[in-house]
Amino acid sequence: MSFPKPAVLAAIVLVPALAAAQPAPVTVINGATIIHPSRTGEAAVEPHATMVIAGDRIQLARAGVTLELPQGAKVIDARGKWVIPGLIDSHVHFFQSGNLYTRPDAADFNAVVPYAEEVARNKARLDATFKVWLASGVTGVVDVGGPFWNFDVRDRALASPAAPRMAVAGPLISMIDRPQLDLGDPPIVKIASPDAAREFVARQLPRNPDFIKVWFIHQPGDDLAAQEAIVKAAGDAAHAAGKRLAVHATELVVAKAALRAGADLLVHAVFDAPVDEEFLALAKHNRVLYCPTLYVMDGYAEALSNTWKATAIEAARADPEILAAMDDLGEIEPAKLPPRVAALMQKPQRFGSPEIAMKDLRRIADAGIDIVMGTDAGNIGTLHGPSIHREMRRMADAGLTPLEVLRSATTNGARTLGLAGEAGEVQAGMLADLVILDADPLADVGNLAKVHRVIKGGVVFDPVALMNALRAPATGSGPAPSN
């Protein structure tokens with residue numbers, strides 16, 4: 001099998017790994033434009049390229065070659081299309097679904113759907129949730145905190161070909177209680193001292209967490225130094241075990257305390273004040289990953305005021321069960337509405353504002369701090385899978401270029417996933433986690449939603465087939481590869 005020369009500087013290439021007639025399946029992607037997120041300028045765009053995948057790795061990815069391949073190779077004609085690394089969402093929560101019933105501490109709908117039933121539904125529908133991520137072009141996710149069964153979710157994803165790669169954290173070390181979420185395996189646990197923080201980290205270590213997570217909530221009258229000592233104890237215990245520390249910190253003084261305590265990942269932007277030089281210096285010193293998470297609070301406000309509307313990509317790629325539930329507010333008896341929700345429906349309002357965080361984003365990027373895309377998917381109004389496109393649009397609106405947004409969701413996201421040098425780029429030796437797009441992602445970040453095919457670990461998936469599998473009467477756990 002051979003292809004005509006796609007460039008003047010062509011060469012005959014017999015890929016060494018294929019010459020030995022290995023049993024690994026071989027896929028060839030021919031004629032696409034490769035986008036290299038880690039590069040800049042013209043070097044980021046490589047037209048008329050050929051890619052060869054053998055097993056779960058990229059064997060070749062460049063222009064200017066003519067190939068001789070063994071028979072049986074699957075060939076994808078990608079002329080007029082673009083290939084990017086698989087997208088990575090660095091901030092998700094699988095114990096939450098994104099619907100109205102998933103956070104009774106924010107809006108208590110137990111009178112409509114008991115929270116225990118909601119959690120049981122989430123567990124039973126994990127395979128469907130995995131598929132909507134793949135159908136959205138996402139081949140890797142980082143679950144930064146949930147019940148101990150979070151670790152079982154990672155095991156389930158690892159065992160399923162039709163699932164994204166996962167990194168996880170266990171229960172959140174918190175400054176406050178959330179008893180509404182405690183069904184015997186709480187996702188959030190109040191920790192009152194450094195010794196208790198160290199003990200709680202030790203409880204999680206046998207499950208091999210990728211991160212230890214702190215929910216750093218600072219309220220008026222709290223002793224910030226005492227709270228910082230708890231975070232530092234957790235971080236020191238995590239680092240001693242070779243684990244990273246993720247911290248939720250949304251105020252400037254709290255974020256700086258988290259960085260002093262050793263945070264490796266900040267999973268929210270600072271919302272109350274512009275970042276200052278001290279913050280930037282601390283973030284650079286830690287080589288922190290900064291996940292701005294710009295849309296999630298608007299998701300809450302829109303969903304709970306009955307003003308949330310699915311975007312076109314959400315209508316096509318979100319879990320149909322969750323989409324259907326997003327319209328429930330208009331059907332719920334007024335007496336069963338939480339008072340806060342009833343008030344919001346009468347007078348919609350925002351929960352905070354991302355404007356400060358959006359203004360900061362360009363400055364943080366210019367300071368050389370790695371920004372990672374993350375949605376906080378699972379929270380009310382932020383749906384697993386296609387919510388990435390709301391988030392990436394916000395990041396572009398905040399001043400990042402399409403290439404920078406793509407880098408945050410690929411090359412930088414691979415760092416969050418723990419796969420730096422293994423994923424996040426289209427080049428030989430990398431994991432074959434790729435997305436084939438129908439439109440140029442550097443022309444408009446909205447084109448990242450135009451997913452033609454998704455490849456995870458060398459397996460090719462048709463997003464339409466993945467979604468059709470969810471809408472069928474029975475949903476299996478196996479892959480839905482393309483024909």
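Threonine 33 has a relative accessibility of 14% and therefore counts as buried (under 20% relative accessible area; exposed is over 50% and partly exposed in between, with a 1.4 Å probe and protein chains only). The model is predicted, so local features need pLDDT of at least 70 and side-chain atom pairs count only at pLDDT 80 or more, whereas totals for chains, interfaces and linings use all residues. Residues are numbered from 1 along each chain as its sequence is written, and side-chain values use heavy atoms, with hydrogens and water left out.

Threonine 33 lies in strand E2 (residues 26–35); strands (E, at least two residues) and helices (H or I, at least four) are DSSP runs numbered from the N terminus. Not counting residues up to four places away in sequence, threonine 33 touches Val45, Glu46, Pro47, His48, Lys81, Trp82 and Val83, contact meaning heavy atoms within 4.5 Å.

Of the 101 residues in the largest nonpolar core, Val247 and Phe279 touch the most other members. A nonpolar core is a set of buried Ala, Val, Leu, Ile, Met, Phe, Trp, Tyr and Cys residues joined through side-chain atoms within 4.5 Å. Helix H3 supplies the largest share of this core, seven residues. Leaving aside neighbours within four places in sequence, valine 247 is in contact with Lys213, Val214, Phe216, Val231, Ala258, Ala263, Leu265, Leu266 and Val267. Another core, of 25 residues, lies apart from the largest one and includes Leu100, Val296, Tyr300 and Ala303.

In helix H4 (residues 150–159), the residues Asn150, Phe151, Val153, Arg154 and Ala157 are buried. These residues lie on the same side of H4 because they cover an arc of only 155 degrees around the axis, the arc being that of the directions from the helix axis to the C-beta atoms. The buried residues of H4 pack against H3, strand E9 (138–144), strand E10 (165–169) and helix H5 (194–204).

Aromatic pairs are rings of Phe, Tyr and Trp (its six-membered ring) with centres within 6.5 Å; planes under 30 degrees apart count as stacked, over 60 as edge-to-face and the rest as tilted. The count by this rule is four. Phenylalanine 94 and phenylalanine 130 form an edge-to-face pair, at 5.7 Å centre to centre and 70 degrees between the planes. This pair links distant parts of the chain, 36 residues apart: phenylalanine 94 is in the loop between strand E8 (87–92) and helix H2 (115–124), and phenylalanine 130 is in helix H3 (residues 126–135). Phenylalanine 94 is buried at 2% relative accessibility, and phenylalanine 130 is buried at 0%. The ring centres of tyrosine 101 and phenylalanine 109 are 5.7 Å apart with planes at 90 degrees, so this pair is edge-to-face.
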